[in-house]
Amino acid sequence: MANESQPMFRSAGAARPANAPRHVGVIGAGIVGICCALYLQRDGLRVTVIDRGPPGEGTSKGNAAIIAGASCEPVAMPGIVWRVPGMLMDPLGPLAIRWSYLPQLAPWLLKFVAASAPSRVELISKALRALSLEAVPAFKTLMREAGIMDMLREDGWLSVYRSDKSFAGAQHELELSRQNNVKMEILGQHELRQMEPTLAPDFKHGVLYPEHAHTVNNFRLVQELARHFVNRGGRVVQEEVLGFRKGPDGPTHILTGAGEHAIDAVVLAAGAWSKRLTKMLGHRVPLDTERGYHVMLPNPAVMPRRPIHIGDYGFVATPLEHGLRFAGTVELGGLDLPPNYDRARVLLERGRTVFPGLKEEGKTEWMGFRPSVPDSVPVISGGHFDNCFFAYGHGHLGLTYGAITGRLIADLVANRATGFDMGPYRVDRRW
Ligand SMILES: Cc1cc2nc3c(=O)[nH]c(=O)nc-3n(C[C@H](O)[C@H](O)[C@H](O)COP(=O)(O)OP(=O)(O)OC[C@H]3O[C@@H](n4cnc5c(N)ncnc54)[C@H](O)[C@@H]3O)c2cc1C
C-alpha cells in the first residue's frame, strides 16, 4: 500500500506544525499502548503512559502469543450469518453469545454480519494484510533495541484438521490467503507426524504458515518493553483515566482519579475499554468485546515444536517458556458479565485428545477481553481534534499488530507519511 489515498485529518506529509506535540499521554499499557509509547519516544517526544494497572495486565496478559505475520482474515467471514443461531444455542461452542447480553450487542452484531459480505471481506483482508506484512519487522525494531530478540521465535504456525469436513470448511480462508499472497505449505498426514510428533496421529490435513512468528512469553514481552521505555526516560503512571480537560483545539489535560496530567497530544490505547473515552474525544465507535479464554499447563509433558491451530475446534496450542497454553474461543458477552470457565475446561478436554500423554498438574485458567470492532480492522487514526489519536480495536490480533500500530501512530503524531493507505483504519470510517 504505497499511497495515502484518503487524507487523514491533517494533510499527510505537511511540515510539522509549530505547535507540534512535545509531551504525549498514552492511555493504556497493554501491548498496543506500550508499542505506541516506544515509537513516540524514538521520535524524541516526552511520553507518559497512564494505566489503572501495571503494564500488560489487561488482555495482553493471556493471549496465544502469536505474531501472525500471515494474517488477513476477518472474524466475520461470508456465511457467518448462518452460524449466529448456533452461537446462541451452544454456550460452550467455539463462538457463543451470552443471551442476557444480546439486546446490547444487537447493533454491533448487525454490523458484524454486514461486514461479512464477500465484497467487504476482500477489502478488509487487504487492510489486514498490509498490517501483517509489517508486523514482525516492526516488532524486531523494538525487541532489538530492548535487547530481547531471544523472546521471538520465527518457526511459523501450523493449522491442523482431523476431519475432511473441517478442512473443507477452511477452504474459503485458504483462498483468501492465496489471494493475498500469503505463504503456505499444504501438508498431509505423514508430513504432519514428522513435523509434530506430539500430535495425535489421526490429524489428516495441515497448513504451515511460515510468516507467523510467536513470542515465548507475551506478558513478559509487554513488561520488558515497558521496562525499556522507562529506562529510556519514559513515565508509567498507575491511575484510572476518567476524562479530559479540553480547550478549543482539543484536550489539554488527561483527568485521572489522582489528579490531572498536562499533555500536548493524547493516544487512546485502552483496548476494550476505549469506547467511552473515544466518545469524550468526539467520535462514536462500535467497539465491543470478544471474550476469550486460556488454560495454562506449566508441566505438560508434551510440547509441540511450534504453535498449532486446531482447525476442528478453533483454538491454538502455543509452546511458551513457562508451559503449554491452549487459547481461543469467542464469547460475546460484554465487559461486565462474570467469566464462564466451563469454556476454558472445554479447551482442556479437546486438548487432551490432540496431545496424548498431556499432564495437567498446576493448570490455571484465564479470561480476557479482545477489543473488537465489527469488521476486525483496528482503529489506527487521528481524530477531528489535531492532537487526538486512536489505537485500539485489534480484536484477535492485538499482539500481532501492536508494534506496527505504534509505528503508524508515531507517523501520524509527527504528521509524516505512513506509506499506508490509512483510510480503512480511520475512527470515522463508515461502520
Ligand atoms: C484468548 C485470547 C487469545 C489471543 N491470542 C492472540 C494471539 O495469539 N495473537 C494476537 O495478535 N492477539 C491475540 N489476542 C488478542 C490480543 O490479546 C488483544 O488484541 C491485545 O492484547 C489488545 O491489546 P491492547 O493493548 O489494545 O489492550 P489491553 O492489553 O487490554 O490493554 C488496555 C489497557 O488499558 C487499560 N485501561 C483501560 N481503560 C482505562 C482507563 N480508563 N484508565 C486507565 N487505564 C485503562 C487497561 O487496564 C489495560 O491495561 C488474543 C486474545 C485472547 C482473549
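Is Ala65 buried or exposed? I looked it up: Ala65 has 1% relative accessibility and therefore counts as buried. The cut-offs are under 20% relative accessible area for buried, over 50% for exposed and partly exposed in between, with a 1.4 Å probe and protein chains only.

**Ground rules.** I am working on a predicted model, where local features need pLDDT of at least 70, side-chain atom pairs count only at pLDDT 80 or more, and totals for chains, interfaces and linings use all residues. Residues are numbered from 1 along each chain as its sequence is written, and side-chain values use heavy atoms, with hydrogens and water left out.

Entry: I checked the backbone next. Ala65 shows a positive phi of about 70°, though it is not a glycine. I placed Ala65 in the loop between β2 (46-51) and β3 (66-67). Helices (H or I, at least four residues) and strands (E, at least two) are DSSP runs, numbered from the N terminus. Asn181 also has a positive phi, near 55°, and is a residue other than glycine. I found Asn181 in the loop between α6 (171-179) and β7 (185-187). At 63% relative accessibility, Asn181 counts as exposed.

**Entry: the ligand.** I listed the shell: 33 residues surround the ligand, and the closest are Asp51, Ser60, Gly395, His396 and Thr400. A residue is near a molecule if one of its heavy atoms lies within 4 Å of it. I sorted the shell into 14 nonpolar, 14 polar and five charged residues. Here Ala, Val, Leu, Ile, Met, Phe, Trp, Tyr, Cys and Pro count as nonpolar, Asp, Glu, Lys and Arg as charged, and the others, Gly among them, as polar. α1 (31-42), β15 (288-297) and β19 (364-372) each supply at least two shell residues. The largest share, four residues, comes from β19.

I then read off backbone distances to ligand oxygen atoms. A polar backbone atom of Thr400 is 2.7 Å from one. For a backbone N or O atom of Leu399, I noted 3.1 Å. For a polar backbone atom of Ala65, I noted 3.3 Å. Taken alone, the ligand exposes 1,000 Å², and the protein buries 97% of that. These areas come from the Shrake-Rupley method with a 1.4 Å probe.

**Entry: the cores.** Which residues touch the most other members of the largest nonpolar core? I got Phe139 and Leu225, out of 73 residues. Helix α4 (residues 118-146) gives this core its largest share, 11 residues. A second, separate core has 28 residues, including Leu208, Ala272, Leu297 and Leu324. A nonpolar core is a set of buried Ala, Val, Leu, Ile, Met, Phe, Trp, Tyr and Cys residues joined through side-chain atoms within 4.5 Å.

I listed contacts (heavy atoms within 4.5 Å) of Leu225, leaving aside neighbours within four places in sequence. Among them are Ile31, Ile34, Phe139 and Ile148.

**Entry: Phe203.** I located Phe203 in the loop between α7 (189-195) and β8 (205-209). Phe203 counts as buried because its relative accessibility is 1%. Its C-alpha atom is 5.7 Å from that of Tyr161, 42 residues apart along the chain. Beyond four places in sequence, the contacts of Phe203 include Val160, Tyr161, Leu192 and Val354.

**Entry: Arg227.** I found Arg227 in helix α8 (residues 218-231). Arg227 is partly exposed, with a relative accessible area of 45%. The C-alpha atoms of Arg227 and Gly292 are separated by 27 Å.

Technical notes: A polar contact is a pair of N or O atoms within 3.5 Å; within protein, one must be able to donate a hydrogen and the other to accept it, and residues adjacent in sequence count only if both atoms are side-chain atoms.
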